[in-house]
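Subject: A structure for you to look at

Hi there,

Here is the structure I promised to pass on. Have a look through it first, and then read my notes below.

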Amino acid sequence: MVTISQQIHNNLKLQVSPKRDSMAAAPSLVTFPVRRGERELVGPARPTPYEFKFLSDIDDQDVLRFYRSGIFFYRGNASQAGRDPVKVIRAALSEALVHFYPLAGRFRELQPTRKLVVECTGEGVVFVEADADVRMNDFGPSLAPPVPCYDKLLCEPESPTAVVVDRPLLYVQVTRLSCGGFVFGFQICHCMGDGTGIVQFLTALTEFTRGVPGAPTLRPVWEREIFTARWPPAVTHDHQEYAPLPDPGKDRVSPTDAFAHHAFFFGPGEIAALRSQAPPGRLRAAASRFDLVGAFMWRCRAAALRFDPGDAVRLHVFVNARVRSRSRRPVPRGYYGNAFAFAAASAPAGELCRRPLGYALRLLVEAKARAAAEGYVQSAAGFNAAQRRPPFPKARTYLISDVTQAGLMAVDFGWGKPVYGGPATIMLATFHQEGRNEAGEAGILVPVRLPAPAMERLKLEVTKGLAAGAIDTGGNLVAGPVHAKL
């Protein structure tokens, strides 16, 4: 007879084992040829204002000076026969840039402060047309970052840091597949917008490809002054998220490590198992799926990396400032800049791993509440201005972001919803994404990148942690209410 703990273990194996355990893709995909055309600049379809636009003090953080990638895979669609996705998207991109014209400009850096401004030159964005001798089915039954052969499907090398001054702010590559499908890959400077802002731009782009009347239906709003500090800057909250942890050299992750990748899946059964481990009462009932999975993976990761018990480990969480209940000064609808704060929680590694899941969960929820307080994002802007863009601490830090409701899987150029839509790779942040397991069950996908030995330990920690919450003394699945939404 199979016990419930064995069922959970087997289900976990089913859900995660098909994912890649290293950066390498499946052998059949490693060498598929891609023929790229010459790079071209696509500018706005009509004249746009020449002006200088300042970024906000949330946009203008050194940690955001890199190009965030996204990638979308589409199957062929008989209703689109005769339409070339390359030509359709190129033309739509030119139309979209009329409305999002700062993206067609270039960053300039003011001295001596290094403040970034956009010179709206209308020079355009980089566009590459490509063809690949590969079919959609060759990519396998499920995709997760790092997607196979991402370097062939993106214009630029992936990196967590980049020079962003005096160069294009957006790179796009559209790759036709031999089956009639295509891949849309992009890289955009993170200083120009966060996930919500990027999806707003992509949605506008798809409205032009689909011929939506009045596109873009959500008009872009600049108004970066809402997160620009007054002078002298006002810092009204404590910003521990920017304070380095003691002994940063005692990290267990180094850029020179041999990394492994694994995508963990959390469906209704796994969420119920985690919720059962939360303390009864309001915390158990109100914790979102993101809270439960984030706290759980923070503990498991700390255990897998084997930090010294007394070493402080930190959790960073992106908190969206667009939630209207969080401020008396709501972010304008259509704002596509960065509108978030980093929530920070920390604990000694030994205590985090030794104490129940409820301990980590409470730390996460309390950190989010602090970052959602009235005026917190404006205070963070003031702190960044006063400190002249302080470095962002990364040692012994787990940074997570929820993109399950960002709308990535709704980006439709006219060929239907994507087979996959999301980050192309894993770099600084770990994203919680929409996903399905091999059985087709919907849930949360958490792709993780760790040194190879730590990854093997992480798999064991996840299995053990889910099994611990799966059964009670009577051998029954324990589940609290699952009504809370992300």
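Helices (H or I, at least four residues) and strands (E, at least two) are DSSP runs, numbered from the N terminus.

Two notes on the source. This is a predicted model, in which local features need pLDDT of at least 70 and side-chain atom pairs count only at pLDDT 80 or more, while totals for chains, interfaces and linings use all residues. Residues are numbered from 1 along each chain as its sequence is written, and side-chain values use heavy atoms, leaving out hydrogens and water.

First, the confidence. The average pLDDT (the predictor's confidence in each residue, from 0 to 100) is 90 for the chain, and 89% of the residues score at least 70. Where pLDDT is low, the predicted coordinates should not be read in detail.

Now the chain as a whole. It contains 12 helices and 16 strands. Of its 486 residues, 55% count as buried, meaning under 20% relative accessible area, with exposed over 50% and partly exposed in between (1.4 Å probe, protein chains only). Among contacts (heavy atoms within 4.5 Å) with a separation of 6 or more, 83% link residues 24 or more positions apart.

Because 15 of the 17 residues are buried, α8 is largely enclosed by the rest of the structure.

Next, a sheet. Three strands make up an open, antiparallel sheet in the order β3-β6-β5. Its edge strands, β3 (52-54) and β5 (106-110), each pair on one side only; two strands pair if DSSP finds at least two bridges between them. Five antiparallel bridges join β5 to β6 (residues 115-119), and Phe107 sits opposite Val118 in β6.

What does Lys53 touch, leaving aside residues up to four places away in sequence? Its contacts are Tyr101, Pro102, Val117, Val118, Cys120 and Trp222. Lys53 belongs to strand β3 and is buried, at a relative accessible area of 16%.

Enjoy exploring!

Best wishes
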